[in-house]
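Please look over the sequence and the model before reading on.

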Amino acid sequence: NHYTTEEVLQALIRQQTAQHNTKDDNVDRDSPSTLESLASQLKTTSNSNEDSAGKNKSGSNDTNNTFDIEFASRVLAKCGFDYHSFVLPLSDLFRRFTREEYLAHRRKHLLGLAERAGKEALERWGGRLDEITHLFW
């Protein structure tokens with residue numbers, strides 16, 4: 001799956017909004033967006049979840065499960081890519097997986113990716129397989 005920077009940031013905003021259990025009124029997902037406006041939308045949404053002491057409305061200061069949209073905007077914009085590739089659909093980007101979901105995802109996608117990479121490396125090498133004496137990973 002290949003997504004534009006704006007699509008990736010919109011997925012981040014959706015996940016951030018869902019995680020904070022806020023209404024989506026502050027985030028306009030259907031309008032064309034720039035990186036700056038997406039960052040502004042999420043900042044507004046995130047700030048609406050905090051009280052004057054900086055605690056989220058659940059009462060904790062824990063922000064370990066959140067992403068910094070301004071940082072993400074800078075990183076994605078500076079990558080210089082027109083599209084970003086992910087195995088996941090947009091709806092699952094930035095979503096915290098359960099252990100079972102994570103393991104199923106790995107089994108389905110990552111093992112096949114590793115196998116294809118290994119086969120391609122061997123083909124590029126061009127040597128005989130019986131000449132291989134060690135494997136490093």
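Is Arg128 exposed or buried? Arg128 is exposed, with a relative accessible area of 52%. The model described here is a predicted one.

## Arg128 and its partner

The limit for calling a residue exposed is over 50% relative accessible area, so Arg128, at 52%, falls in that class. Arg128 forms a salt bridge with Glu131. The closest N and O atoms of this pair are 3.7 Å apart. Glu131 counts as partly exposed, at 44% relative accessibility.

## Salt bridges in the model

Side chains of opposite charge can pair when their charged atoms come close. A salt bridge is counted here when a side-chain nitrogen of Lys or Arg lies within 4 Å of a carboxyl oxygen of Asp or Glu. The count by this rule is six salt bridges.

One of them links Glu101 to Arg95, with 3.1 Å between the closest N and O atoms. Glu101 is partly exposed, with a relative accessible area of 31%, and Arg95 is also partly exposed, with a value of 26%.

## A pair within helix α4

Helix α4 covers residues 99-125 and contains both Glu120 and Arg124. These two residues are four residues apart, about one turn of the helix. A salt bridge connects Glu120 with Arg124, and the closest N and O atoms are 3.7 Å apart.

The two partners fall into separate accessibility classes: Glu120 is partly exposed, with a relative accessible area of 41%, whereas Arg124 is exposed, with a relative accessible area of 70%.

## The two sides of helix α3

Which residues are buried in helix α3? In this helix, which spans residues 69-78, the buried residues are Ile69, Ala72, Ser73 and Leu76. Seen down the axis of α3, the buried residues fall within an arc of 100°, so they line one face of the helix.

The face of α3 turned away from the buried side carries the exposed residues Arg74 and Lys78. Just after α3 comes Gly80, which takes a positive phi of about 80°.

Terms used: Residues are numbered from 1 along each chain as its sequence is written. Side-chain values use heavy atoms; hydrogens and water are left out. Buried means under 20% relative accessible area, exposed over 50%, partly exposed in between (1.4 Å probe, protein chains only). The arc is that of the directions from the helix axis to the C-beta atoms.
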